[in-house]
Structure formats: structure tokens, C-alpha cells
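Have a look at the structure first.

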Amino acid sequence: MDAVKFLKERKRMCHFSGDTSCHGCPLYKERGIFQCLQFQDLFPEQTVNIIEKWVKEHPRETRKDDFFEKFPHAKKLSDGIPDICAAKVGYLRECPHPNVEDYCKECWNTPLEEE
């Protein structure tokens, strides 16, 4: 995980529980007597491991996830993606790969926050 992604995912993890008490944060549970930033400074490898594990357990919502939440009965292709171009339903301004279906899975599986 590169540094920018690490910082974004740490922030997402810290805010995931939805409250300001930090009780749902895995770093909070592991920090012991230290403040979170002290723990991260003293135990960087453990911090990275905790965050990487959390990221695997809490993947970002994709365009596909969002689409099927809104349209649960929409037709799916054999690989599970919607049977329509993501650009045609407003997820992109234009299709980056017109007339090349092999890239549809890539577009649909893009996390919403990366846009």
C-alpha cells in the first residue's frame, strides 16, 4: 500500500464507526496506553498491518455495488456486472473504451471514492 492510499484508508477506517469515541476503530483497540498517533509512531509495521487487514475486510463500494443497490433487478452479465455501460447510466461522462466489452468489468468495479 502506497503512502497516499495508506493515509486515505486510515482516515476512512477511523471514521467508519460513525461516532467520535473511536471505540470501533481497530487502532484504538490495539493502542494500549498510547494515543493513536503515538502508537503509529512507535509501531509503524503493526499499524500498517492493522490498516491493511481492515481494508481487506471493508472494501470500498464500487459503481457496480451502487448500481445494484438502486436497481436490484437489473440484468447481469455472466461475470456479474450490469448489462449496460457505466457511462450510459451516468457513472462516467463518456466511455473510455467504446465498443470494447472487455473493459466494462474494470469500469464497474472501480470504487466510487476514486472518481
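Let's start with the largest cavity, which is lined by C85, A86, A87, L92, C95, H97, Y103, C104, C107 and W108. A cavity here is a set of points on a 1 Å grid over the protein atoms alone where a 1.4 Å probe fits but cannot get out, and lining residues have an atom within 4 Å of a point. Its volume is about 50 Å³, a volume being the space filled by probe spheres set on the points, which are joined across faces, edges and corners. The structure holds one cavity of 30 Å³ or more. By class, nine of the lining residues are nonpolar, one is polar and none is charged; Ala, Val, Leu, Ile, Met, Phe, Trp, Tyr, Cys and Pro count as nonpolar, Asp, Glu, Lys and Arg as charged, and the others, Gly among them, as polar.

A word on the ground rules: this is a predicted model, where local features need pLDDT of at least 70, side-chain atom pairs count only at pLDDT 80 or more, and totals for chains, interfaces and linings use all residues. Residues are numbered from 1 along each chain as its sequence is written, and side-chain values use heavy atoms, with hydrogens and water left out.

Now for the cores. The largest nonpolar core has nine residues: F6, M13, C25, L27, F39, I50, I51, W54 and V55. Such a core is a set of buried Ala, Val, Leu, Ile, Met, Phe, Trp, Tyr and Cys residues joined through side-chain atoms within 4.5 Å. Buried means under 20% relative accessible area, exposed over 50%, and partly exposed in between (1.4 Å probe, protein chains only). Helices α1 (3-16) and α4 (44-57) each give two or more residues to this core, and α4 has the largest share, with four. Helices are DSSP runs (H or I, at least four residues), numbered from the N terminus. A second, separate core of seven residues includes F67, I81, A86 and W108.

T47 also lies in α4 and is buried, at 2% relative accessibility. Beyond its neighbours within four places in sequence, T47 is in contact (heavy atoms within 4.5 Å) with F6, L27, F39 and Q40.

What about the cysteines? The count of disulfides, pairs of cysteine sulfur atoms within 2.5 Å, is zero. Here are two of the cysteines:

Definitions and conventions. 1 Å grid on protein atoms, 1.4 Å probe; cavity = no way out; pocket = protein on both sides within 12 Å on 5 of 7 lines; lining within 4 Å.
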